[in-house]
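Subject: Structure handover

Hello,

I am passing this structure on to you, with notes on what was found in it. Please look through the sequence and the coordinates before reading further.

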Amino acid sequence: MGERYDAESETSTRGGAAVATDRVRHLVSRLSDGDVVQFARGLWRRYVREDPADCRVSITFPTGPDRPTVGRIHDWIADLEVAFEGRVDVYARRRSIAVVTDTVPADRVDVDAVESIIERIEAGYAETHSLAHLEKVRPRNGRLVRTDVVVPVKPLFPRDRATEPKRVRSAAD
């Protein structure tokens, strides 16, 4: 009985693969050459690509009275310098501080330390901001580079309704 079950599941798997192949062929036949290349590149990135050989991090720290102090931001930057072996560029902007690391080989970066720093940044901005963390993997000079972009983003709406002012009814109501 087990052999029959295995044979049926193998047949259904082959049938499912055939249907998927037919769908892909149909989609590809309707696309232009540029679209086919882009489609194949997307599949490669999603399913086939290897681990990135290099790493970079870009972080923006909003500054202001209701945000973490410059001293606390300095501590996070110092920790990033240790994780990336001193290869950090710091830029002062009008209402923020931007930090961009150089591209460093992945085996020389302490990934756990970087993740810990990002968690501390998220905790530091937790009261006023949400943390947007994007990871991009792109080829650069023949090698794959993983770039983490971290930006604290101020939410459009207040988080809890208890702090909102009470509504005043108009005379028309």
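The notes below go from the overall layout to single residues.

Confidence and layout

Please keep in mind that this is a predicted model. The mean pLDDT of the protein chain is 78, and 76% of the residues score at least 70. Among the elements, helix 1 (residues 2–30) has the lowest mean pLDDT, 62, while strand 3 (residues 96–101) has the highest, 92. Where pLDDT is low, the predicted coordinates should not be read in detail.

The protein chain contains four helices and six strands. Read from the N terminus, their order is α-α-β-α-β-β-β-α-β-β. Of the 173 residues in the chain, 23% are buried. Among contacts in the chain with a separation of 6 or more, 60% are between residues 24 or more positions apart.

Helix 3 and helix 4

Two packed helices are described by the angle between their axes and the distance between the axes. For helix 3 (residues 70–83) and helix 4 (residues 111–124), the axes come within 9 Å and cross at roughly 170°. Angles over 145 degrees count as roughly antiparallel, so helix 3 is roughly antiparallel to helix 4.

Helix 3 contributes Arg 72, Trp 76, Asp 79, Leu 80 and Ala 83 to the contact, and these meet Ala 113, Val 114, Ile 117, Arg 120, Ile 121 and Gly 124 of helix 4. Sorted by class, the contact of the two helices has seven nonpolar, one polar and three charged residues.

Salt bridges

How many salt bridges does the structure hold? There are seven.

Another salt bridge joins Arg 108 and Glu 85, whose closest N and O atoms are 2.9 Å apart. Arg 108 lies in the loop between strand 4 (104–105) and helix 4, and Glu 85 in the loop between helix 3 and strand 2 (88–92), so the pair ties together parts 23 residues apart in sequence. With a relative accessibility of 39%, Arg 108 counts as partly exposed. Glu 85 is partly exposed too, with a relative accessible area of 39%. The backbone of Glu 85 has a further feature: its phi is near 55°, a positive value in a residue other than glycine.

Glu 135 and Arg 146 also form a salt bridge, with the closest N and O atoms 3.6 Å apart. Here Glu 135 is in strand 5 (residues 130–140) and Arg 146 in strand 6 (residues 143–153), 11 residues apart. Glu 135 is partly exposed, its relative accessible area being 49%.

Two residues to look at

Lys 136 is in strand 5. It is partly exposed, at 33% relative accessibility. Leaving out residues up to four places away in sequence, Lys 136 touches Val 145, Arg 146, Thr 147 and Val 149. From Lys 136 to Val 149 the C-alpha distance is 8.0 Å, and the two are 13 residues apart in sequence.

The other residue is Phe 61, in strand 1 (residues 54–62). Is Phe 61 buried or exposed? At 0% relative accessibility, Phe 61 counts as buried, because the cut-off for buried is under 20%. With residues up to four places away in sequence left out, Phe 61 touches Ile 73, Trp 76, Ile 77, Arg 95, Ser 96, Ile 97, Val 99, Ile 121 and Tyr 125. Trp 76 and Ile 121 are also among the residues that meet in the contact of helix 3 with helix 4. Phe 61 and Val 151 are 90 residues apart along the chain, yet their C-alpha atoms are separated by 7.1 Å.

Regards

Methods. Residues numbered from 1 in each chain as written. Predicted model: local features only at pLDDT ≥ 70, side-chain atom pairs only at ≥ 80, totals over all residues. Heavy atoms only, no water. Axes fitted to C-alpha atoms, helices over the stretch in contact; angles between N-to-C directions. Helix = DSSP H or I, 4+ residues; strand = E, 2+ residues; numbered from the N terminus. Parallel < 35°, antiparallel > 145°, perpendicular 65-115°, else oblique. Contact = heavy atoms within 4.5 Å. Nonpolar A, V, L, I, M, F, W, Y, C, P; charged D, E, K, R; others polar. Salt bridge = Lys/Arg side-chain N within 4 Å of Asp/Glu carboxyl O. Buried < 20%, exposed > 50% of the residue type's maximum accessible area, 1.4 Å probe, protein only. pLDDT = per-residue confidence, 0-100.
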